[in-house]
Amino acid sequence: TCHQWGYGEEDGPSAWHNDYPIAQGNRQSPIDIVPTETVYDASLAPIMLSYDLCTSVNISNNGHSVVVEFDDVDDRTAIRGGPLENAYRLKQFHFHWGGKGCHGSEHTVSGKTYASELHLVHWNSAKYKTFGEAAAAPDGLAVLGVFLEGSTADFRGFSPKCLLPNSLNYWTYPGSLTTPPLHESVTWIVLKEPILVSEKQVGKPPAVATDGEVPNAVVQRRGGGQKRMENNFRPPQPLKGRKVRASFN
Ligand SMILES: CCCCNCc1ccc(S(N)(=O)=O)cc1
Ligand SMILES: [Zn+2]
């Protein structure tokens, strides 16, 4: 069978190891972040985001999420500092969400789930020539995770900068893609402070699939061909001895 995966009963996270054995690897994501078990590392630099000259090129529903892609021909739009040794170039951002109520984030904080989680995906353009190459390398990607919870928030323009909270305090740990191919290539940087988005925005999944083309994330939804894409989050994975560092005390 070709690599069809989703979030349903048959093809969801508990089945992914059949096609992607790395699902049971030693640096899988997401994880449950337990603040009292994190280690404050004073040598961790602040993260620096240069998103001012970012050029989004498209938005698409890939059957697993809504993805906004960026023009990544140069380091204009990049993340630096933090646990990173050089600039990582912004490739895309996307979201993970639930259905009703407050579960939907991938990372959890002492078991607390948020309504949704934004992932800003960057790749190590200093060491690799393409995103695909970087995505398979242990130091290839850096994903900035931002929790979203309910109320109303500004959403002017499309600069990812307006999607960020006031504080850039973060946790960081070595992990993986949270969807197949689950490559263990991600340095995760998860911001502690959530941003606020409106209940109706988070509760209501994005535009339904266009008629006829029903992405696989929708196909296995039971309840009679509902057109909603929801619950596209992977549950927390074993820490396997990894250290989670905090940039703040
Ligand atoms: C070489 C093919 C890789 C495509 N994979 C994209 C991708 C990017 C980010 C994440 S996430 N959810 O870990 O940020 C998952 C999957
Ligand atoms: Zn993601």
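The model is predicted, so local features need pLDDT of at least 70 and side-chain atom pairs pLDDT 80 or more, while totals for chains, interfaces and linings use all residues. Residues are numbered from 1 along each chain as written, chains are lettered from A and ligands numbered from 1 in written order, and side-chain values use heavy atoms, without hydrogens or water.

**Stop 1: the zinc ion**

Select ligand 2, the zinc ion. His-94 (NE2), His-96 (NE2) and His-119 (ND1) coordinate the zinc ion at 2.0 Å. Donors are N, O and S atoms within 2.8 Å of the metal (3.2 Å for Na, K and Ca); water is not among the atoms, so sites may look incomplete. The angles among the four donor atoms run from 99 to 116°, and the site is tetrahedral. That label applies to four donors if all angles lie between 85 and 135 degrees. The ideal angle for four tetrahedral donors is 109.5 degrees. Along the sequence, the donor residues follow the spacing H-x1-H-x22-H. His-94 and His-96 are buried, meaning under 20% relative accessible area with a 1.4 Å probe, protein chains only.

**Stop 2: strand 7**

Select residues 88-97. Strands are DSSP runs of E, at least two residues, numbered from the N terminus. Two strands pair if DSSP finds at least two bridges between them.

- Strand 5 (residues 66-70) is antiparallel to strand 7, with three bridges; Glu-69 partners Gln-92.
- Strand 6 (residues 78-81) is antiparallel to strand 7, with two bridges; Ile-79 stands opposite Tyr-88.

Stay on the hairpin of strands 6 and 7. Six residues lie between the strands, and Gly-82 takes a positive phi near 55°.

**Stop 3: Tyr-51**

Tyr-51 sits in the loop between strand 3 (47-50) and strand 4 (56-61). Tyr-51 counts as buried because its relative accessibility is 0%. Show contacts (heavy atoms within 4.5 Å). Beyond four places in sequence, Tyr-51 touches residues including Leu-90, His-122 and Ser-159. The C-alpha atoms of Tyr-51 and Ser-159 are 6.7 Å apart, across 108 residues of chain. Where does the side chain of Tyr-51 make a polar contact? At the side chain of His-122, at 2.7 Å. A polar contact is a pair of N or O atoms within 3.5 Å; within protein, one must be able to donate a hydrogen and the other to accept it, and residues adjacent in sequence count only if both atoms are side-chain atoms.

**Stop 4: Ser-247**

Finish at Ser-247, in the segment after strand 14 (245-246). Ser-247 counts as buried because its relative accessibility is 19%.

Notes: Helices (H or I, at least four residues) and strands (E, at least two) are DSSP runs, numbered from the N terminus. Buried means under 20% relative accessible area, exposed over 50%, partly exposed in between (1.4 Å probe, protein chains only). Four donors count as tetrahedral if all angles lie between 85 and 135 degrees; four count as square planar and six as octahedral if opposite donors are over 155 degrees apart and all others between 65 and 115; anything else is irregular.
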